Amino acid sequence: MKNRWIARTAAALMVSFALAGCSAGEQTGSENAAVAAESAESEAQAADNSTGSTEGIQADDEWYAKADLSVLEGKKIGITIQSLRNAYWAGVMSGLEEQLELHGAEYTIVACDDNSATQIGQIENFVSAGCDLIMVHPSDANAVEDACAEARNAGIKVMCWDDPMTNTDGNWILNNTDLGIEIGKLAGEFINEHYSEDNKAQVAVIGYPQTKILKERGDGIKQGLEETASGRYEIVAEQSALEPNEAQTVMETILQKNPDCRVVTGIGAGPMIGANEALVIQTGGEIPEDMGVFTTDVTKQQLEQLMDEGAASKGIIGFEGSDVETGEKCAAMFAMIFNDQLEVQNVFREMAPITAENAEQIMAEMK
């Protein structure tokens, strides 16, 4: 039976394990509405000062193909993530669930609601339940290092999603500066098509410097723009926003001061969705060909915008691709950790552009 998002506190998690250990049969329907809610804030809360090494290898399809997923059969896997109140995380966790069920793993997925104390309790309860592997998407990587060390001392494999932690068997991470550079390059290529040194694009950057990884993305965006379209643009505004409504308000304010701003770059789904809405309103739905929004993440709403000729959204730098593909590759990471196949601790995730040309294909594998 399909395991849904169960406990949201350490106490609820303890009850669920008392009933069935790391069973894939647990569910609470009350969480479904929260899972569907869009809250880009949760996806952004990564640790600012993780102490692990940032050296590693770049994964690709050939690398993931080495994984023998049959090893997952019968394994107990505990997964704790920052939050499920986010379209991206709800989708990719559903894709991962599908893979774990397909290969016979027992699993529990919980959210700590960006509370490190809750997450530590969840890790400890996974240890008590006798899980074979724990995956942590840390609210604060430093805060959970000791709990992960204790899990490994108990003979449990540990994987981190997003941070180069120390006390893990493998870290599945992004180089956020490089991610920002690719966003900037995608926007820069668009600028080169539509603008010149005599007709410079006015560009807005919607970032979030309050969080280390998102500051890195924002800095990378500016680097990528300069590398690709130097002399053909000027940044007229840099504002902070994460959630769609917030980003829409920010973009409306930018347009009041800079009505000719037609290129927007951003650090996540929220800036794309919100900026697009503001631009559609400003133009009365008549989006000119030299207007474009470029960000990262991969959600259904973003893909719908890319496929909509009446939208300003033009490009995403995605990770792996669809929810299904992300789930497949995360499960491959689990298998390679179980089989001691990781040659290094850090595995850098794939990045690739998503535009109108391939958005429909990816949409077909979204959850």
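This is a predicted model: local features need pLDDT of at least 70, side-chain atom pairs count only at pLDDT 80 or more; totals for chains, interfaces and linings use all residues.
When I say helix or strand, I mean a DSSP run, numbered from the N terminus, of H or I over at least four residues for helices and of E over at least two for strands. Two strands pair if DSSP finds at least two bridges between them. Strand 7, residues 201-207, pairs with strand 8, residues 233-240, in the parallel sense over 7 bridges, and V203 has I235 as its bridge partner in strand 8. Strand 7 also runs parallel to strand 9, residues 263-266, to which 4 bridges join it, with T265 of strand 9 as the bridge partner of V205.

These strands belong to an open sheet of 6 strands with mixed pairing, in the order 8-7-9-10-11-13. Its edge strands, each pairing on one side only, are strand 8 and strand 13, residues 351-354. From one strand to the next the twist averages 15 degrees.

How many of the 7 residues of strand 7 are buried? The count is 7 of 7, where buried means under 20% relative accessible area, exposed means over 50%, and partly exposed lies in between, with a 1.4 Å probe and protein chains only. Both faces are covered, with A201, V203, V205 and G207 on one side and Q202, A204 and I206 on the other.

Helix 9 lies across strands 7, 8, 9, 10 and 11, and runs at about 170 degrees to strand 8, the angle being taken from 0 to 180 degrees between N-to-C directions of axes fitted to C-alpha atoms, for helices over the stretch in contact.

Let me turn to helix 14, residues 356-363, whose buried residues are A359, I362 and M363. Seen down the helix axis, these buried residues fall within an arc of 95 degrees, so they line one face of helix 14; the arc is that of the directions from the axis to the C-beta atoms. On the other side of helix 14, E357, E360 and Q361 are exposed. The cover over the buried residues includes helix 12 and strand 13, contact being heavy atoms within 4.5 Å.

Finally, two aspartates deserve a careful look in the backbone. D162, in the loop between strand 5 and strand 6, has a positive phi of about 115 degrees although it is not a glycine, and D162 is buried, with a relative accessible area of 10%. D340, in the loop between helix 13 and strand 12, has a positive phi near 55 degrees, again in a residue other than glycine, but D340 is exposed, with a relative accessible area of 58%.

How values were computed: Residues are numbered from 1 along each chain as its sequence is written. Side-chain values use heavy atoms; hydrogens and water are left out.
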